[in-house]
Amino acid sequence: DLDKQIENPPLSTLLIEKYIKPSGYFINKTGKHLQLKESFDRITKVHTFEMHIIKAKENYAGNYRCEVTYKDKFDSCSFDLEVKGWRCPSCCFALRGFCLGHVFKATFMMMFLQTFPRLLRVLTFGQPSKEGKETPFNEYEKIAFMYGITDLRGLLRRLKKTKKEEKKSEAFAKKLEPAYQVDKGGKIRLIVDLADPTVELKWYKNGQEIRPAPKYIFEHKGTQRIMVINNCQLNDDAAYSVVAGDEKSTTELFVKVLPVNIVKELEAVKTTVNERIELECEVSEEGAQVKWMKNGVEVPTGVRSRYRVKAEGTKHWLIIDDAMKEDTGTYSIMATGGTSESHVQPLKILQDLQDMKILLGKPLKLHCEILPINVPGRWYRNGQLIQPNDRISILHRAKTHKMEIESSVLHDAGDYTFVPEGYSQSLSAKVHIIATTSHVLFSDPPRVHLEALNAPDNTVTIVAGNKLRLEVPISGEPAPRVVWMKGERVILETGNRVRAETFTDHTSLTIDVAEREDTGNYKIVLQNEAGEDTASVKVKVVDIPDAPGSPLVPEVGGDWCSMTWDPPHYDGGSPILGYFIERKKKQSSRWMRLNFDLCKETTFEPKKMIEGVPYEVRIFAVNAIGVSKPSEPSKPFIPLAVTSEPTMLVVDDVTDTTVTMKWRPPDTIGAAGLDGYRVEYCIEGTDEWIVANKELTEKTRYTITGLTMEDKILVRVKAINAAGESPPRTTQHSILNFEVQSQPPKIRIPRHLKQTYIRKVGEVVNLVVPFVGKPRPKVNWLKDGEAIEPSQVSIRNSDCDSIIFIRKAERKHSGKYKLTVQVEKHMDTALLDIQIVDLPGPPQCVRIEEVWGVNVALDWTPPKDSGNAPITGYTIQKADKKTMEWYTCLEHYHRTCITISELVVGNEYFFRVFSENMVGLSESATTTKDIAVIMKEGLQLKSPEYIDYDFTEAPKFTQPLVNICAIAGYNTTLNCSVRANPRPKVIWMKNKIIIVDDPRYRMFSNQGVCSLEIRKPSPFDGGMYTCKAINDLGEAQVDCKLEVKGQSVLQTVKLADEDVPCSLCFNTPCKICND
């Protein structure tokens, strides 16, 4: 009884809630019999939680679980506590069979980067060594002891025994693996194989059902059920289970967090006091948490701190705004994948260099003091490094740096600089050497002989890109010291592209590849004991000019445009001679030059362009050196032309205060289209044209209002589009504003209404009949001499026209419509003939008049209903009595009788006729009542009688399946042949399970040959395959065995006389599991 476990074992929960330093407590089983202890090792970064059980009791036995929570991360570990009845002198109970003493300690080692699943991964997959090889078997016990398991062999024996007791699942052919591992951000596939594909399946995560979502994708492949988890994160590290019917399969998914590595190391920083310091580092992952340290202590980054931390993407900075001497130290950044260090040492100047004046021949001493004391430095004179020799000594003692010259010469004068090594800060001083009178008596002053250059105004011109070498003769005794300068910059002899050289009788300036920046005045300074001399040489580097400004296109025509541009900012040192212009179509890449003679101005008018096509233009500047780079292309523009003037401008109506004008559209509109018209008028005797319509009108008729009676005006109309205004169309004579009081009526019938107006049934009839007359005429309509019914026809009358409207025309609307317009005693009439037509009816009685040979004579009478339109013809069709498929013999036939010939002897025929008018064929046809039989005289055909043979039979395989051995990864095919009538249904099965909609299999059946193609088989595809054929008379089947050979992934362990893979060490035989 003591060995039995309690049905409801107690559960202890450890919650870690604080942000940085976690702390834990147990919900239950706390008190004097249960104590908790926590410790943290700062070196190894390991939290240790201990549970002490004092005086163990039987009810303490059961399963315990420790849960760890940190921010959004979660992990857990469980263990079994077994309390046995025997006691030893120093022990009262055991945990998993281990004797631990009176006080039991359950220690859980938790590193937040690699927690509890680590041991499982090590034992399952092996711990890789530094050389990348698998862990040797003899080290497994050592690794297990590091994780608190002192009896690994006993543990493996119990695991093996538990595995033997497992029962075979009825729902699962293959369950989930015990554990899965995936990298963060990766994808994992959980696969189970069902014994019954029809069973209902549900997936769970930590006991909660998983629904289909973009993160969780469910797949079916035969009997396999697959759940794919995309973009795995830390919250996906959980227990997963799948339930099929009453059975359940569980597994653990461990998400491996890749360490954050340092991609770019910190660099050493050397700067001066009170300057800004930035330490920059780059890591492998965005948003990674890092920690900045100074001399092993975390850097404070609060509001009042002098340190600021900045992060952008994968880059991290530590910023110190005003560096101090106290900031000296080793700074490091810590990430989960490593650390990087940098030494910061601000420089402090205690004493700077001082300017000095020394007599010729006297000693020269320069010194300065800086901190830190261990910083070396270099001395420079006029930018050239000073090397110690017999005359010059350089000393460095602690914080003091000295440079001493025993006997100074004129050559020692100049600018001296001390540069601390590794710092950008430098210390400078000027030294002047004063010569005495005795030195001057025996020397020749220096002189520069520029006349030897033969250059006007001492100016030398060179084309950019060429090499320039100036040799200038010099003289002086002793030999003078030569310095070339451009502005304040000294040209050194050690220069790369620009350098100066000095010889006994001349000095030279060399520029290997001349550039624009080399233009300027170069100064030559000669010095010796007798004095000094200076001279200047002007170097002018000429080059091609810069690109002109982007051209502007202010005006566009039908096939031309005007363009302007700005000259280039830099003419290359040579005057601009002119410009080249190029253009291209916007969608093209080919530029075309427009002028072959240089354009002297900054304006140009390209011509001969296609209207409506977008163009771009660009400019080249030309000087004596060459052609510049092209300017930026202009904005795309489209050549557009204005329309021609409107046509046929006439007066439509005149009143005392209004004039109505009408006109027709322009003859030429162009690609820009037509936006509208603008109407203007001018009072006779003035030159001012007044715009009548503030907004453009699209109509070709407009009424000018606001006029004064008896004014005489001129009217003009312009057509407007995107290109501008067209030339105006103006009235030839002035118009008098005076309304005519009486005018006889006059109907102006449109041309298309002067003949019969024909429309089909169902179409819309909309007729507009204009007329004139004053005062407003009276309008009256009659149809065939009778008044028109308003419910059938709608009529609308205005001052100038009358509209008759029929929404849906019918046959009864046909007739002659009479329009009467009357003004007082004057009257005018017009007659409109409207004809509504429809499909005709079928012909009347169609008869077979005579049959002779292969000919048939037909006769019929015209249809009673012609559709209110003349019959234009007939269509005759024939049909064989056997098929009753109709074929057209003749179309658009005008007569009512016809002879059909070339009929087939022995066939019997029906005939039918359609009538046709201007609308189309009649909806139905008239068919002959009698049959025309085409017979051959003198011969009678007697058909022999035959007994039908029964070809039906049950399925029978003529070629069975044969056993086959395939290689994994290579397609294989199973073939057999079957004979049956009627055609059988073929079914393929694997291990007695029907193969349905599996993309790994392709089935073919052609002329009784049945094939099953298996794409890239694996060892799991091996088994017994069956081909079954079924029809109404019976069924038959054949079997074969498929064996797929391939390299086995798992080694096997002989357990219970069966080869079973070892789930922990994967060895055969297992060197740890078996004694």
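## Starting at R748

R748 is partly exposed, with a relative accessible area of 47%; that label covers values between buried (under 20%) and exposed (over 50%), using a 1.4 Å probe and protein chains only. You'll find R748 in the loop between β58 (743-747) and β59 (757-760). Strands here are DSSP runs of E with at least two residues, helices are runs of H or I with at least four, and both are numbered from the N terminus.

## About the model

This is a predicted model, where local features need pLDDT of at least 70 and side-chain atom pairs need 80 or more, while totals for chains, interfaces and linings use all residues. Residues are numbered from 1 along each chain as its sequence is written, and side-chain values use heavy atoms, leaving out hydrogens and water.

## The whole chain

The protein chain has four helices and 85 strands. Of its 1075 residues, 37% are buried.

## A look at Q959

Q959 sits in strand β75 (residues 953-959) and is partly exposed, at 41% relative accessibility. Setting aside neighbours within four places in sequence, Q959 is in contact with C976 and S977; contact means heavy atoms within 4.5 Å. Q959 and C976 are 17 residues apart in sequence, yet their C-alpha atoms are 5.2 Å apart in space.
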